[in-house]
Each structure stands twice: as C-alpha cells, then as structure tokens.
Amino acid sequence: NPIIFIAATWLWIGGVIVLSVFLRRARGRPIFAPQLKDAPFIERRASGRSLRNLITRLGGAKNVLFVAVTADRVIVQPHFPFSLMFMPEIYGLDCEISRSRLRKVSIQEGLLGRKKVLVEFSTPSNGEEEMELRLQNHELFLKAIGEMKAGGARR
C-alpha cells in the first residue's frame with residue numbers, strides 16, 4: 001500500500017532528525033549558529049569542506065556554514081537545518097579549533113582564480129586535519145587569526 005510506504009518514510013526521516021537533535025544536544029553541540037559578540041570575524045554564509053578523507057572531500061557545504069574567529073578559537077558550523085541528520089558529522093563540518101590546535105592558515109588560488117583558505121589543525125586525539133573554506137572576506141579572516149595568535153587585539 002503506497003500510503004503505508006509514504007507514512008513509514010516520513011516516520012523514518014522524522015526519527016533520524018529527532019535522533020540527530022538529541023545526540024547533538026547530548027554532545028553539547030548547537031542546532032543553531034551561536035550569537036557571538038566581540039568576535040573580530042563572523043561570516044554567516046561561507047562554503048567549505050573537510051579534507052579528512054575521500055567522503056569529506058566529495059561532500060561539503062555551499063553557503064550554509066557559520067565561520068567565526070573569537071579571541072581563543074575558530075568556529076565552523078552549519079546553519080539550521082543543515083545541522084540536522086548527521087550531515088556535519090559525516091562531512092566533518094562542525095568544529096571548534098582552539099588557538100593551541102591551530103597549525104597553519106593560508107590562502108590558496110583555486111580553479112578559475114577563486115581564493116580559498118586552507119586551515120590546518122590538530123585534533124583532540126593528536127591527529128592532523130585540514131579544512132578548506134571559501135569566504136567572502138578571507139583577508140579579514142586572516143587578520144582575525146593573526147590577532148588571535150598574537151594574544152588578541154580586539155576591535
């Protein structure tokens with residue numbers, strides 16, 4: 001019966017959404033982008049991808065990432081509803097990188113002359129990871145990173 005199939009599909013999707021919200025909250029991860037004050041850099045519609053493995057390289061986010069630099073960390077998180085259904089976990093697009101774990105930040109020339117920011121950092125388990133971000137204002141991002149590493153001259 002097609003009605004039962006459609007109802008079961010919607011129940012399955014709803015269950016996955018509820019489970020993803022429950023697990024994100026249990027891990028202390030936000031569903032919505034944070035409201036930060038005094039952050040020298042905030043961009044609400046960034047693009048990017050993790051370079052962790054083949055799956056994360058093929059996936060990514062276009063214009064749905066929240067990227068911020070605060071006095072002590074770099075935050076990369078997807079906007080709602082992209083924070084649901086385990087997408088950030090699968091594609092490695094939900095991280096807070098403390099100043100001590102940040103290894104290198106550089107601008108690279110992409111295809112067709114578009115610039116991208118490459119962020120290299122160590123993971124809590126002492127691994128190394130890279131993330132590629134496409135930002136509207138990569139120069140301001142680099143300036144905020146420089147201020148963060150220097151000890152935090154804030155504007």
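**Close-up views of a predicted model**

**View 1. Salt bridge between R73 and D72.** The side chains of R73 and D72 meet in a salt bridge, with N and O atoms 3.8 Å apart; the term stands for a side-chain nitrogen of Lys or Arg within 4 Å of a carboxyl oxygen of Asp or Glu. This is a predicted model, in which local features need a pLDDT of at least 70 and side-chain atom pairs count only at pLDDT 80 or more, while totals for chains, interfaces and linings use all residues. Residues are numbered from 1 along each chain as its sequence is written, and side-chain values use heavy atoms, with hydrogens and water left out. R73 counts as partly exposed because its relative accessibility is 25%, and D72, at 44%, also counts as partly exposed; here buried means under 20% relative accessible area, exposed means over 50%, and partly exposed lies in between (1.4 Å probe, protein chains only). R73 and D72 belong to a network of salt bridges that also includes R24, R29, E89, D94 and E96, and the count of salt bridges comes to nine.

**View 2. The pair D94 and R29.** D94 forms a salt bridge with R29, and the closest N and O atoms of this pair are 2.5 Å apart. Since D94 lies in the loop between α3 (87–91) and β4, and R29 in the loop between α1 (2–26) and β1, the pair ties together parts that are 65 residues apart in sequence. Helices (H or I, at least four residues) and strands (E, at least two) are DSSP runs, numbered from the N terminus. Both D94 and R29 are buried.

View 3. E132 counts as buried because its relative accessibility is 8%, and K116 is buried with a relative accessible area of 15%. Side chains of opposite charge can pair when their charged atoms come close.

**View 4. The sheet of seven strands.** Seven strands form an open sheet in the order β4-β3-β2-β1-β7-β6-β5, with antiparallel pairing; two strands are said to pair if DSSP finds at least two bridges between them. The edge strands, each of which pairs on one side only, are β4 and β5. On average, neighbouring strands of this sheet are turned by 30 degrees against each other, direction ignored, where axes are lines fitted to C-alpha atoms (for helices, over the stretch in contact) and angles run from 0 to 180 degrees between N-to-C directions.

**View 5. Strand β1 and its partners, β2 and β7.** Five bridges join β1 to β2, and these two strands run antiparallel; in this pairing A46 stands opposite L65 in β2. β1 and β7 likewise pair in the antiparallel sense, over four bridges. S47 stands opposite R134 in β7, and G48 stands opposite L133 in β7.

**View 6. The largest nonpolar core.** The largest nonpolar core has 24 residues, and those with the most contacts inside it are V67, V74, V119, L133 and F141; such a core is a set of buried Ala, Val, Leu, Ile, Met, Phe, Trp, Tyr and Cys residues joined through side-chain atoms within 4.5 Å. The elements that give two or more residues to this core are β1 (41–50), β2 (61–69), β3 (73–78), β4 (95–98), β5 (102–109), β6 (115–122), β7 (128–134) and α4 (138–150). β2 gives the most to this core, with five residues. Contact means heavy atoms within 4.5 Å, and F141 touches F41, V67, V69, V74, V105, V117, V119, L133 and L135, not counting residues up to four places away in sequence.

View 7. The place of N63 is in strand β2, and N63 counts as partly exposed at 36% relative accessibility.
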